[in-house]
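I opened my notebook to look through a new structure.

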Amino acid sequence: MQTELLELAAILAVLAVILVVLRRASARSRAAAPQSVRERLGVEPEPEARPRRERKRPRPAEPAPAEARPAEPAPAEPAPTDAEAREAYRAGLAKTRGGFVARLGKLFGRKKFDAQTLDELEEVLFTADIGPRAADRIFQAVKSGLSRDELEDTPKIWARIRQTSRDILAVDASPVDLGRVRPFVLLVLGVNGVGKTTTIGKLAQTWRLDGKKVLLAAGDTYRAAATEQLEVWADRAQVPIVRGKPNSDPSSVVFDAIKRGVDEGFDIVICDTAGRLHSNATLMDELKKLRRVADKAMPGAPHETWMVLDATNGQNAISQAKTFKADMEITGIVLTKLDGSAKGGVVLGICDELKVPVRFVGVGEKIGDLRPFDPAAFVEALYSDAGSSETA
Ligand SMILES: Nc1nc2c(ncn2[C@@H]2O[C@H](COP(=O)(O)OP(=O)(O)OP(=O)(O)O)[C@@H](O)[C@H]2O)c(=O)[nH]1
Ligand SMILES: [Mg+2]
């Protein structure tokens, strides 16, 4: 009898050891398994990104926590902008609407909004070229901001996405006051080929038509034919230009242009710059020198420094802007080629990550294809295929 009891005790001890070993192995394999869509997509959290909250999906059986929902209802949709501007945005954003916005539409078109849909929503947003922070803000707004019933109500989801997008675009910046100083000196920079010279031509025409006296400075003396290209735009916009000799110091061109601007009572001097030098460091040094020399020609100049970004570069445009912003003050962004890009959502990432206002957007190659950036019109056009704003 005693022997049998001892044998039983030994068997129980062995079973206990096996159980402990099995539990440990399963915990290890859980830790090694991918835990979220973001990890599967390899989206690294940005250092400055908000810490990720623990994933807790409002599954159908589990409504979203009440305290996570906003206390007040979403503000009403803003008044629509004028029809012409709206149409320009609509046309410019056609490819973007066909991209991630259409994918969202397909997702919300399903009968049931379940945990799987939330996972897919996360995936669409994180691969949408809107930057990880903006993607996370929109995702959280849907996931935590809507109750289980609201998640079944597609117009409510779109309304939440629209509202969050508008919040992201609401960068706290005062409008450009071109009349606060005379001449108002604007330095335009950006990497090569993004559309600096074209944008300067468009701006010159826009402001001349507003009754301003505009002067251009051909500050790209490096690239062959850069000055001639700006001359063509100056002709089209019907404004004068100050040019230097090929390979002359761009600072001296900018200096001369600002001096002429002061002496001859110009309202605005717009300075073009080179997009590519031998290295990025040389480009930065050159741009810093340009700013110092501008200040010598007229204390306080340049009054604004705008960076031109190409929307077709998607998230690379955000990285470019970050690199420049780390080295010098950027007071505004012009986003070009919105018409040729399915990555127009990058505006959300730019505003969210850089907190620099987007001043204008380029919607084509012609001189009239520039629009002041209007966040409300942008959001309206971006999601215009996604149910009317009245219902949403
Ligand atoms: N579709 C489209 N094309 C644009 C837009 N803006 C500029 N472009 C085109 O982009 C190309 C480059 O434009 P540029 O103005 O020469 O660019 P840049 O930045 O001055 O180039 P570099 O002087 O070489 O650094 C040209 O073919 C322009 O027509 C836009 O809003 N839409
Ligand atoms: Mg150029």
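Before I read the sheet, I noted what pairing means: two strands pair if DSSP finds at least two bridges between them. I also noted that this is a predicted model.

**Entry 1**

S5 covers residues 304-310, and S6 covers residues 332-336. They run in the parallel sense and share five bridges. I followed tryptophan 306 across and found its bridge partner in S6, glycine 332.

**Entry 1: the ligand**

Where does ligand 1 sit? I found ligand 1 in the largest pocket. I listed 19 residues around the ligand. The closest are Lys196, Thr197, Thr198, Asp339 and Glu365.

I sorted this shell by class. Ten residues are polar, seven are charged and two are nonpolar. Helix H9 (residues 196-209) gives the largest share of the shell, with four residues.

Next I checked distances to oxygen atoms of ligand 1. For threonine 198, a side-chain N or O atom lies 2.5 Å from such an oxygen. For lysine 196, a polar side-chain atom is 2.7 Å from a ligand oxygen. Glycine 195 uses its backbone instead: an N or O atom there lies 2.9 Å from an oxygen of the ligand. I then looked up the cover. On its own, ligand 1 has 650 Å² of accessible area, and the protein covers 81% of that.

**Entry 2: the backbone**

I searched for cis peptide bonds. One runs from arginine 182 to proline 183, with omega near -5°. Proline 183 is in the loop between helix H8 (154-169) and strand S1 (184-189). Another cis bond joins alanine 301 to proline 302, also with omega near -5°. I placed proline 302 in the loop between helix H12 (280-297) and S5.

Last, I looked at phi. Glutamine 238 is not a glycine, yet its phi is positive, at about 60°. I found glutamine 238 in the loop between helix H10 (226-237) and S3.

Notes:
Residues numbered from 1 in each chain as written. Chains lettered and ligands numbered in written order. Predicted model: local features only at pLDDT ≥ 70, side-chain atom pairs only at ≥ 80, totals over all residues. Heavy atoms only, no water. Near = heavy atom within 4 Å. Polar contact = N/O pair within 3.5 Å; in protein donor to acceptor, adjacent residues only side chain to side chain. Areas by Shrake-Rupley, 256 points an atom, 1.4 Å probe, with all protein chains shown as cover. 1 Å grid on protein atoms, 1.4 Å probe; cavity = no way out; pocket = protein on both sides within 12 Å on 5 of 7 lines; lining within 4 Å. Sits in = over half its atoms within 2 Å of the grid points. Helix = DSSP H or I, 4+ residues; strand = E, 2+ residues; numbered from the N terminus. Nonpolar A, V, L, I, M, F, W, Y, C, P; charged D, E, K, R; others polar.
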